[in-house]
Amino acid sequence: MILYLLAEKDMFVNEISEALNTPQSTISRHLGVLRQRSMVSTERRGTAVLYSLPDDRIIDVLDLMHAILNDQIQAEAAIIKSIQ
């Protein structure tokens with residue numbers, strides 16, 4: 001969800017925290033992981049850090065992953081339904 005928010009606009013940790021109704025410490029931990037993996041970019045603004053997506057294709061990949069997982073779940077549900 002963080003990545004989808006950042007696809008809309010660059011945001012500070014407190015903005016992301018508020019938008020997702022999640023503690024700021026949790027958002028900071030997640031952003032740290034995303035930053036280590038180069039999935040978010042940062043820009044220091046005084047004492048705050050502005051987060052952004054370095055490449056919009058990240059959202060394309062997320063959408064594709066969601067579609068694949070959805071197809072797998074539907075296929076498994078169809079198998080279970082045919083057994084019952």
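**Figure 1. Helices and strands of the protein chain.** Four helices and three strands make up the secondary structure of this predicted model. Along the sequence their order is α-β-α-α-β-β-α. The radius of gyration is 17 Å, well over the 12 Å that the globule rule gives for 84 residues, so the chain is more spread out than a compact globule. The C-alpha trace spans about 60 × 25 × 20 Å along its principal axes. Of the contacts with a separation of 6 or more, 43% join residues 24 or more positions apart.

Figure 2. The accessible surface comes to about 6,300 Å². Carbon and sulfur atoms hold 53% of that area. Buried residues account for 25% of the 84 residues. The chain carries 8 positive and 11 negative charges.

**Figure 3. The largest nonpolar core.** This core has 17 residues. Those with the most contacts inside it are Ile2, Leu3, Leu6, Ile16, Leu31 and Tyr51. Two or more residues come from each of helix H1 (2-8), helix H2 (13-20), helix H3 (24-36), strand E3 (48-52) and helix H4 (57-83). H1 gives the largest share, four residues. In soluble globular proteins, nonpolar side chains tend to be buried together.

**Figure 4. Leu6 and its contacts.** Leu6 is among the core residues with the most contacts inside the core. Leaving out residues up to four places away in sequence, Leu6 touches Met11, Ile16, Val40, Tyr51, Ser52 and Leu53. Of these partners, Ile16 and Tyr51 are also listed among the core residues with the most contacts inside it.

**Figure 5. Ser52 in strand E3.** Ser52 lies in strand E3. Its relative accessibility is 15%, so Ser52 counts as buried, the cut-off being under 20%. With residues up to four places away in sequence again left out, Ser52 touches Leu6, Asp10, Val40 and Ser41. Val40 also touches Leu6.

**Figure 6. Two loop residues with positive phi.** Most residues other than glycine have a negative phi. Asn21 has a positive value, near 50°. Asn21 sits in the loop between H2 and H3. Its relative accessible area is 73%, so Asn21 is exposed. Ser38 also has a positive phi, near 60°. The place of Ser38 is the loop between H3 and strand E2 (41-45). With a relative accessible area of 56%, Ser38 is exposed; the cut-off for exposed is over 50%.

Note on methods. Residues are numbered from 1 along each chain as its sequence is written. This is a predicted model: local features need pLDDT of at least 70, side-chain atom pairs count only at pLDDT 80 or more; totals for chains, interfaces and linings use all residues. Side-chain values use heavy atoms; hydrogens and water are left out. The radius of gyration is taken over C-alpha atoms; the globule rule is 2.2 Å times the number of residues to the power 0.38. Buried means under 20% relative accessible area, exposed over 50%, partly exposed in between (1.4 Å probe, protein chains only). Contact means heavy atoms within 4.5 Å. Accessible areas come from the Shrake-Rupley method with a 1.4 Å probe; for residues, only the protein chains shown count as cover. Lys and Arg count as positive and Asp and Glu as negative; His and the chain ends are not counted. The place of a charge is taken as NZ of Lys, CZ of Arg, CG of Asp or CD of Glu. A nonpolar core is a set of buried Ala, Val, Leu, Ile, Met, Phe, Trp, Tyr and Cys residues joined through side-chain atoms within 4.5 Å.
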